[in-house]
Amino acid sequence: MQVFIDTIVGLWENSVFSGVEPLQFVMLGISFVLMYLAIVKGYEPLLLLPIAFGMMLTNIPGGGMFHPEFFAEKEVNFGQVLSEGGLLDILYLGLKLQIFPLLIFLGIGSMTDFGPLIANPFSFLLGAAAQAGIFITFLGASLLGFSMNEAASISIIGGADGPTAIWLTTRLAPEMLGPIAVAAYSYMALVPVIQPPVMRLLTTPKERAVKMRQLRPVSKKEKIIFPIVVTAIVGFIIPDALALVGMLMMGNLLKESGMVDRLVKTAQNELMNIVVIMLGVTVGGTATAANFLNLNTLLIIGLGLAAFVAGTAVGVLFGKLMYVLGGKKINPLIGSAGVSAVPMAARVSQKVGQETDPSNHLLMHAMGPNVAGVIGSAVAAGVMLSLFGN
């Protein structure tokens with residue numbers, strides 16, 4: 001009998017259950033909730049599902065998938081990571097070296113049509129106005145006691161651009177990557193829920209019913225010149241944003257040139273899908289109990305929501321200003337699309353506009369501020385990095 005008891009005790013001591021911490025079970029529960037939201041509710045499944053699974057992997061004790069201590073210092077010991085690290089440690093190098101977010105921007109650029117922005121250059125102003133939520137939230141986070149680097153990383157959630165949030169956070173506050181990435185992609189998925197109440201509150205039925213004139217045709221020459229000019233301007237004025245904007249515009253130039261269909265298809269499909277899987281799993285892997293289950297995470301989620309609401313509100317208010325200055329020919333609703341959740345935010349502008357007048361078509365007009373918001377959030381991230389990066 002004693003032998004049997006000793007055997008059971010030995011099995012228990014050798015299993016991971018003997019060393020598991022209660023908070024790890026909580027993290028596993030959170031990962032299951034995120035899987036449910038991705039699979040059943042369809043909330044950003046392409047990224048939320050890999051993030052949730054990576055979160056599960058890193059919180060199973062004894063698996064040795066991710067070691068945060070390997071990346072605690074600014075200088076990474078690559079030999080140690082490659083020889084002693086787990087799968088997520090090795091994949092994390094793709095984040096640490098900025099590879100994954102930049103490749104995703106390449107793919108986004110290859111799928112983006114800047115025609116509506118070129119046809120209506122004032123869309124740049126709406127896209128820029130919506131980035132105000134980033135800087136407003138930066139001030140709020142600073143007042144709540146976050147460091148400048150942490151406040152900058154939290155505030156970028158307001159840009160509604162997951163890759164940009166990940167890119168900046170890995171540079172300024174990598175220990176906060178898990179909660180910031182989850183918050184950023186969760187709010188991107190909730191665009192149709194968060195934005196409409198703000199849009200209705202700040203506009204009148206008369207403003208929402210404004211029909212805008214058809215956009216002018218944009219030539220192929222304009223579409224080819226645009227990414228080259230934007231890259232040069234951003235590169236000279238805000239060089240810290242050059243990596244993000246440059247990869248975005250390179251992808252777009254590949255598409256608009258019409259000469260490299262194979263590269264465009266690869267960037268849009270195979271490359272994009274592979275990188276999304278690795279990025280999602282790696283981001284989830286950083287969400288350990290120590291990094292995720294604390295008061296800061298709750299504050300990050302709250303501040304992220306505030307950033308998103310503020311960006312939407314400022315975009316709509318700036319749209320109202322342009323409505324007045326433009327002879328009441330601009331529908332203020334398109335200002336809400338200045339957050340860079342492409343093309344979801346533009347679709348929300350269309351939907352809210354059609355609630356007032358079903359014959360109103362705002363989608364293409366809203367796409368101008370929407371793609372301008374992608375550039376704007378990347379530029380805002382570059383500004384933050386230039387101010388607080390070491």
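Q: What covers the buried residues of α10?
A: This is a predicted model. In it, the cover over the buried residues of α10 includes α9 (132-143), α11 (162-172), α12 (177-189), α20 (295-325) and α22 (363-388).

Q: How many residues of α10 are buried?
A: Seven of the eight residues in helix α10 (residues 148-155) are buried, so the helix is mostly covered.

Q: Which ones?
A: Asn 149, Glu 150, Ala 151, Ala 152, Ser 153, Ile 154 and Ser 155.

Q: Switching to rings. How many aromatic pairs are there?
A: The count comes to six aromatic pairs. One of them is Phe 114 with Phe 226, a tilted pair with 5.1 Å centre to centre and 40° between the planes.

Q: Where do Phe 114 and Phe 226 lie?
A: Phe 114 is in the loop between α6 (99-111) and α7 (115-119), while Phe 226 is in helix α15 (residues 220-237), so the pair ties together parts 112 residues apart in sequence.

Q: Is Phe 114 buried or exposed, and what about Phe 226?
A: Phe 114 is buried, at 2% relative accessible area. Phe 226 also counts as buried, at 11%.

Q: Which residues form an aromatic cluster?
A: Phe 66, Phe 71 and Tyr 92 form one.

Q: And where is His 67?
A: His 67 sits in the loop between α3 (45-58) and α4 (78-84).

Q: Why does His 67 count as buried?
A: Because its relative accessible area is 19%, and buried means under 20%.

Q: What is His 67 in contact with, leaving aside neighbours within four places in sequence?
A: Glu 84, Gly 85, Gly 86 and Asp 89.

Definitions and conventions. Residues numbered from 1 in each chain as written. Predicted model: local features only at pLDDT ≥ 70, side-chain atom pairs only at ≥ 80, totals over all residues. Heavy atoms only, no water. Buried < 20%, exposed > 50% of the residue type's maximum accessible area, 1.4 Å probe, protein only. Helix = DSSP H or I, 4+ residues; strand = E, 2+ residues; numbered from the N terminus. Contact = heavy atoms within 4.5 Å. Phe/Tyr/Trp six-rings, centres within 6.5 Å; stacked < 30°, edge-to-face > 60°.
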